[in-house]
Amino acid sequence: MTKFIGKPIPRIEDPRLLKGQGRYIDDITPPGTLHAAFLRSDVAHGRIDYIDVEPARNLPGVHAVLKMSDFAAYSKARMPQPAPIPAITAEVTTPYPLALDEVCFVGEPIAIILAESRAIAEDAVPLIDVEISQLPVVASLAAAKKCEAIVRDGAPTNLAGRFKTQYGDVESGFANATHEFLIQVKTHRGGGHSMEGRGVICQPGFEGHQLTLWTSTQIPHAVQRNLALYLGVAEADIRVAAPDVGGGFGPKGIVYPEEFAVALAALKLKQPVKWIEDRREHFLSCVQQRDQHWTAEIATDGKGVVEAVRLRGLNDCGAYLPYGLLLPMNTFFQFPGPYTWKALDIELEAYFTNLTPTSPVRGAGRPSANFVMERIMDEVALQLDLDPAEVRRRNLVASDMYPHQTGMKNPAGLPITHDSGSHNQCLDVLSEQLNISNFESRKADAAHEGRYLGQGIACYVEDSGIPPFEGATVRIEGTGKVIVETPAANQGQGHTTIFAQICAEVLGVDPTDVTVRSGDTQTLPYGIGTLGSRVAVTAGNSVYAAAKKVRAKTLRYAADMLACEPDSLHLRDKHVCALPGTDAPTEPIPLARIAMELRGVAGVPVRRGFSPGLEATEYATMIAPVFSNGAVGIEVEVDTALGAVELKRCVFVHDCGRMLNPLLVEGQIIGGAVHGIGNALFERMVHDEAGQPVSMNYGEYLMPMATEMPSFEITHLETPSPNNALGVKGAGESGTIPMASAVVAAVENALSAQGVRFFHHPITPQDIVAALRCDVPS
């Protein structure tokens, strides 16, 4: 029985934030700060012929207007590729911090204006005289694949990279199959749209560092590493810290040109420089997600068991690869997900377009793969007149198959292996709670009243705890307080709470006695970042291991003091106490006393056999991801006159291994589900044929609000991972991954009498009305 781990403890960090005591990027303004604004390209592809910055430079309050050529003393290069892999075939994959002679998407930064206020800097932007000769624009995946126009002048092709593999005997699978089907699936381009936009402040010469950056990021160490590489300086010369961050969702897990441009400007001017993204800039230049197009050929037997699948996919990378090919790679390696397809032949090509670069947004390619897989399962069920849940049962990984090798191999050539799971159990619980067996009668009753009810389900896996590591230091101070330091930046997930729970459990203190410091390259020299639902697994196990080392040292020191054995003692209520039934002295020793003695005093030796300090640092290293899983069911009502979709119920059955805090897990599931609902019904970043963004505000780019939310009914199963000491798995993206699949299936089911089909998302009211008018599959 645990005292803190696994308990629904309210978030420790919330009182500070709710009282307005948070410290976000825009709350930081060093003395002498200059405020930045960017001149951005207003064409999707063009050659920069001429720039005259003097009119802007002459505006009162403007201190400088800088172009890429002004940074030649520091670097003339493009930004480093942060995630190079052999699958990348393109030579040029990253931008310059400021466009040098060519622009490749609307919103690409060309010049940076530094002024006494943001308002003055913005007023100076239109005063810059810039002439850009337009070049042919590639504004869609279809155009990119044709290569009749090229995204980057001088590049031989638009292909960025390719993934291709096969397992099993695909040809025999099709030859011997009873049924064959073909579907084409498309997923939309959308964004992250966190409450707080991006922002960066750079101060040169602060506290002994050549550069100090405060940036609204998920990856402080990656920013430090890439900027040091770019400038040719030691990483230790650059400090990067993430203050409180108002949401990340993936787009803040990127190293951006604006971060480099602000740092270069601060170096050149020897003054602090600050840039805060406005919402228009977010639409233009913050990374987006997808598009993906897939063609799937499916071969099954008469019972709906999948014998073989052929998949051919296209991925829109936008103009650059800000995180390598991570997004399409994630999609590629998800297949066959929770299913035991006997054979698979899959190829995914990634293409550049003259649109905003794409990179992971919550789910990071997994929702796209899930949508393809779940559309396949629903197609099989429909064509063979089988129950969708039963088709899934016949193809799911069974509990006695773990550890389960999917048939795919990761980029290192190692088999992708699911560590543990509970697919059939989740689907059984979902079927009971959703009352699937009784739905058809309820649907028929509603139809008699002129109402159109639909029900859709989806199963999923989430690879989480992405390798290799995230470190942590745990220290007991002379006050008895516990300090946790970790590179893992926090964007609202509740890291402070779960790390405090872990320490409190191990060290016999209360969670409120634990202070967590995170997201600063000064804490530990190595860090990966907060992405891929990895922190509870990686940093959580590092905190656990470090706390256990501190506990062991504490007990050993106390035993030396008391002349007893360490295993006769335990930690409780901030003291070392004798275990009942032992001969150890009964007088408790405060943790603060031991910590104080180990801090040392001049002239007083530390007890023999003990190193100074009551602390430990650990890097829990993960060899492979751990896999969460679950099933979701959605009930909708569709207004056929307006095409409106009302979400009535969402039943979510989820297994993320051992839960550290059920309250936080539930919050992650609901938050992720809202993202998925946005993907399914609302969010779509539209560009015209010239590459101009069309949906540039929240009246055009729609997002779900509280009024659109269904009631959420969440059940947690716990199948611990055998691959880490805590048995935990990630949960941050589980809610998003299957949601669009289930919502689209539910809408389709509501309109099944009309024969309406959907193989894309988002599905809008216009899509529904048009499909009903045509009375043919959409």
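These questions and answers walk through one predicted protein model.

The model is predicted, so local features need pLDDT of at least 70 and side-chain atom pairs count only at pLDDT 80 or more, while totals for chains, interfaces and linings use all residues. Residues are numbered from 1 along each chain as its sequence is written, and side-chain values use heavy atoms, with hydrogens and water left out.

User: How many helices and strands does the chain have?
Analyst: Both kinds of element are DSSP runs, numbered from the N terminus. A helix is H or I with at least four residues, and a strand is E with at least two. The count is 19 helices and 30 strands.

User: Why is the chain called as compact as a globular protein of its length?
Analyst: The radius of gyration is taken over C-alpha atoms, and the globule rule is 2.2 Å times the number of residues to the power 0.38. For 778 residues the rule gives 28 Å. The chain is as compact as a globular protein of that length because its own radius of gyration is close to that, at 28 Å.

User: What percentage of the residues is buried?
Analyst: Buried means under 20% relative accessible area, exposed means over 50%, and partly exposed lies in between (1.4 Å probe, protein chains only). The chain has 778 residues. The buried share of them is 61%.

User: Which domains does the assignment give, and how far apart are the C-alpha centres of domain 2 and domain 3?
Analyst: Domain bounds come from an automatic or database domain assignment. Domain 1 covers 32-135 + 198-245 + 252-285, domain 2 covers 291-466 + 623-774, and domain 3 covers 468-621. The C-alpha centres of domain 2 and domain 3 are separated by 40 Å.

User: How many residues does each of domain 2 and domain 3 give to their contact?
Analyst: Contact means heavy atoms within 4.5 Å. Domain 2 gives 22 residues. Domain 3 gives 18 residues.

User: Is Gly205 buried or exposed?
Analyst: Gly205 is in the loop between strand S9 (199-204) and strand S10 (211-215). Its relative accessibility is 56%, so Gly205 counts as exposed.

User: Where does the cis peptide bond from Tyr402 lead?
Analyst: Omega of this bond is near -5°. The next residue sits in the loop between helix H11 (388-395) and strand S17 (404-409). That residue is Pro403.

User: What is phi of Asn435, and what is phi of Asp573?
Analyst: Asn435 is in the loop between helix H12 (423-434) and helix H13 (439-448), and it is partly exposed at 31%. Asp573 is in the loop between strand S23 (569-572) and strand S24 (575-578), and it is partly exposed at 49%. Each has a positive phi in a residue other than glycine. For Asn435 phi is near 55°, and for Asp573 phi is near 55°.

User: Which residues does Asn661 touch, not counting those up to four places away in sequence?
Analyst: Asn661 lies in the loop between strand S28 (644-655) and helix H17 (662-681). Asn661 is buried, with a relative accessible area of 2%. The residues touched are Lys7, Pro8, Ile9, Thr497, Ile498 and Gln501.
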